[in-house]
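This report looks at charged side chains and at one helix in a protein model. Please keep the sequence and the 3D view open while reading.

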Amino acid sequence: MEPIRVMIADDHSLIREGLRQLLEFDGSIKVVGEASNGEECLMKLEEFNPEVLLLDINMPEKNGIDVLKQMRADQSQIKVLILTVHNELEYLISAVDIGVDGYILKDSESSELKNAIRVVRDGENYIQPKLIPAMNNQLINRDADKDKISSLTNRELEVLVQVANGMFNKEIATNLNISERTVKNHISNIFKKIDVSDRTQAAVFAIKNNIIKLF
């Protein structure tokens with residue numbers, strides 16, 4: 001059987017060298033290329049055409065999430081297995097939303113990494129088992145937030161954005177050409193619908209759910 005063609009994208013040369021030796025040890029995997037940053041990774045994908053890309057998140061030029069976004073926009077058929085130190089759910093959820101094939105931490109055993117590579121090469125998804133419970137809880141919470149957002153009217157969304165931007169009721173009333181009493185009523189309804197008790201919590205909800213983004 002032909003070895004699985006893998007490319008490694010990581011900005012640390014020692015990690016790339018270690019992974020190459022580890023993966024090629026038994027002949028089942030061949031590392032066909034390496035990249036030290038996101039831009040180089042995208043260029044070398046065309047040159048080496050691996051079956052599986054081992055992709056780090058923290059890289060210069062373009063980070064791993066941006067590389068994944070570009071690959072999906074280009075409709076690349078190369079399987080992407082993120083290999084990272086990041087166990088923060090925000091990275092995992094972002095990668096899953098974009099369409100990653102697998103996600104595994106760098107503290108994994110070599111046997112688990114090789115198995116993950118085989119799984120994604122064969123067209124299945126692989127999320128490191130210890131990450132799955134927390135990911136599922138996060139997705140459940142996110143779905144609950146979606147239901148809360150969908151319960152808001154367009155006007156309530158407008159008011160929520162202004163609240164999250166730190167506007168006071170009088171400013172919101174002026175900006176939206178409505179009375180302060182109406183603003184107060186909208187804010188009261190918003191708090192009930194999204195289950196928060198103050199303006200700070202409402203702002204955090206808006207930011208977390210991309211209703212408003214911090215720049």
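This is a predicted model: local features need pLDDT of at least 70, side-chain atom pairs count only at pLDDT 80 or more; totals for chains, interfaces and linings use all residues.

## Arg20 and its two partners

Across the whole structure, a search finds 16 salt bridges. Two of them share Arg20, which pairs with Glu24 and also with Glu34. In the bridge between Glu24 and Arg20, the closest N and O atoms are 3.7 Å apart. Both residues belong to helix H1, which runs over residues 13-24. Because Glu24 and Arg20 are four residues apart in this helix, about one helical turn separates them.

The bridge between Glu34 and Arg20 has its closest N and O atoms 2.9 Å apart. This pair links distant parts of the chain, since Glu34 sits in strand E2 (residues 29-35) and Arg20 in helix H1, 14 residues apart.

How exposed are these residues? Arg20 is partly exposed, at 26% relative accessibility. Glu24 is partly exposed as well, with a relative accessible area of 28%. For Glu34 the relative accessible area is 22%, which again counts as partly exposed.

Another salt bridge joins Arg121 and Glu51, with the closest N and O atoms 3.9 Å apart. Here too the pair links distant parts of the chain: Arg121 lies in helix H5 (residues 110-121), while Glu51 lies in the loop between helix H2 (38-48) and strand E3 (52-55). The two are 70 residues apart.

Arg121 is partly exposed, at 23% relative accessibility, and Glu51 is partly exposed at 22%. Arg121 and Glu51 also belong to a network of salt bridges that includes Arg5 and Asp122.

## Lys114 in helix H5

Helix H5 also holds Lys114. Is this lysine buried or exposed? Lys114 is buried, because its relative accessible area is 10%, and the cut-off for buried is under 20%.

A polar atom of the Lys114 side chain lies 3.3 Å from the backbone oxygen of Leu22. Leaving out residues up to four places away in sequence, Lys114 touches Leu22, Leu23, Phe25, Asp26 and Ile29.

Helix H9 covers residues 180-194, which makes 15 residues. From its first C-alpha to its last, H9 reaches 21 Å, close to the 21 Å expected at 1.5 Å a residue.

Which residues of H9 are buried? They are Val183, His186, Ile187, Ile190, Phe191 and Ile194. These residues lie on the same side of H9 because they cover an arc of only 135° around the axis. The face turned away from this buried side carries the exposed residues Arg181, Lys184 and Lys192.

What do the buried residues of H9 pack against? Their partners are helix H6 (132-150), helix H7 (154-164), helix H8 (169-176) and helix H10 (199-208). Just after H9 comes Asp195, which takes a positive phi of about 60°.

How values were computed:
Residues are numbered from 1 along each chain as its sequence is written. Side-chain values use heavy atoms; hydrogens and water are left out. A salt bridge is a side-chain nitrogen of Lys or Arg within 4 Å of a carboxyl oxygen of Asp or Glu. Buried means under 20% relative accessible area, exposed over 50%, partly exposed in between (1.4 Å probe, protein chains only). A polar contact is a pair of N or O atoms within 3.5 Å; within protein, one must be able to donate a hydrogen and the other to accept it, and residues adjacent in sequence count only if both atoms are side-chain atoms. Contact means heavy atoms within 4.5 Å. The expected span of a helix is 1.5 Å times one less than its number of residues. The arc is that of the directions from the helix axis to the C-beta atoms.
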